[in-house]
Amino acid sequence: MTNNSLTTHAPIPLVDLKAQQREVQEQVNAGLAKIFENTAFIGGAAVSDFEQAYAGFLGAGHCIGVGNGTDALELALRAAGVGPGDEVIIPANTFVATAEAVSLTGATVVPVDVDPQHLLIDPLAVAEAVTEKTKAIIPVHLYGQTAFVEELEPIAAACGAVIIEDAAQSQGATRFGRTAGTLGHIAGTSFYPGKNLGAAGDAGAVLTNDAELAERVRLLSAHGSRVKYVHEAVGRNSRLDAVQAVVLSAKLERLAGWNQLRREAAARYAKLLADVPGVVLPRQAEGNEDVWHLYVIQVEERDRVLAELNEAGIGAGIHYPEPVHLTGAFEHLGYGAGSFPVAEQAAGRILSLPLYPHITEEQQQRVVQILKQVL
């Protein structure tokens, strides 16, 4: 068990949103005052300005703000023509929303295993999973990394599938100089508050360089309507509201700097943990510049280690404790234990340590001190 003397310090959260909010509060207050004065809550300049700014930040041709990250993926899939009878390949190691978005279109989720070093979708496994029904492949840029999209491109081209990036955890990450969210045909991202770029509630966006796909997403996200009360398709109501756009615009101005602070914090962890027995450290893939949404190590007896860290005031977590195919929601797919051994083994070992732009070196030293003790 942990030394009780170590619990007298202030707790260290997994993510510190209060520090971010303090940094942007004045700018956000001014923007919100303008929104409420003009009662411009839906659409308007605040939303369009953010969409243009975020597209510019990533180098994307189009950004369409939507209600949340799950909607973003579903709308991207539907805009690409994915529906009943189609199959969509996803990594087994991802948040359940990736699979939910596929299911909501009526298509079939086809999970595949991940590579053992980075826990990203394995292109070799994707090639083996392709069938005549494969309509889309979703690489997930997990933990702030960028998946190996260039290795998926020939696979997708050969079977006529679209590449739809799940870029919810990779805002600002690059692979060989190209930005996550601009590597495939279309991408969805989330602005859930804990993301590198987080709103003050639920929000998301779809990104693409394809003008036709962008237009289709806008149509589907607004009740299938371009002109009021003229509905061309069955859509949904999924809009980025002006209040969230104000918050996101203020944070976007600081995102590059915050991502750099995350990289520096990750480098400190790597140095502090370099000689700690029993800890497998995350490694940046060649060609990547990661943004370290999460700092995920692997340890034995993970559940015990997590419990003792939490008891000592260290806000560690697990991302994610069950691969998609072993969740109750997707047991109907028929993949039992042992189907995807890399993802399954990792699920019992992965441990996310506190990491955020405002974490201090002293806090990281304390995290590592307690981790060493509980190990």
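Begin the tour of this predicted model by selecting arginine 175 and arginine 178, the latter being the bridge partner of the former in strand 7. Widening the selection to residues 174-175 brings in strand 6, which pairs with strand 7 in the antiparallel sense over 2 bridges. Both belong to an open sheet of 3 strands, in the order 7-6-12 and with antiparallel pairing.

Next, select residues 242-272 and 361-374, which are helix 8 and helix 11; their axes come within 10 Å and cross at roughly 35 degrees, and the crossing is right-handed. On helix 8 the contact is made by Ala265, Arg268, Tyr269 and Leu272, while the residues from helix 11 include Glu361, Gln364, Val368 and Lys372.

The remaining stops concern the backbone. Most residues other than glycine have a negative phi, and most peptide bonds are trans. Select tyrosine 229, in the loop between strand 10 and strand 11, where phi is positive, near 70 degrees; this tyrosine 229 is exposed, with a relative accessible area of 68%. Then move to glutamate 301, in the loop between strand 13 and helix 9, whose phi is also positive, at about 50 degrees, and which is exposed with a relative accessible area of 52%. Finish at histidine 319 and tyrosine 320, which are joined by a cis peptide bond with omega near 15 degrees; tyrosine 320 lies in the loop between helix 9 and helix 10.

Technical notes:
Residues are numbered from 1 along each chain as its sequence is written. This is a predicted model: local features need pLDDT of at least 70, side-chain atom pairs count only at pLDDT 80 or more; totals for chains, interfaces and linings use all residues. Side-chain values use heavy atoms; hydrogens and water are left out. Axes are lines fitted to C-alpha atoms, for helices over the stretch in contact, and angles run from 0 to 180 degrees between N-to-C directions. Helices (H or I, at least four residues) and strands (E, at least two) are DSSP runs, numbered from the N terminus. A crossing is left-handed if the near helix is turned anticlockwise from the far one by less than a right angle, and right-handed if clockwise. Contact means heavy atoms within 4.5 Å. Two strands pair if DSSP finds at least two bridges between them. Buried means under 20% relative accessible area, exposed over 50%, partly exposed in between (1.4 Å probe, protein chains only).
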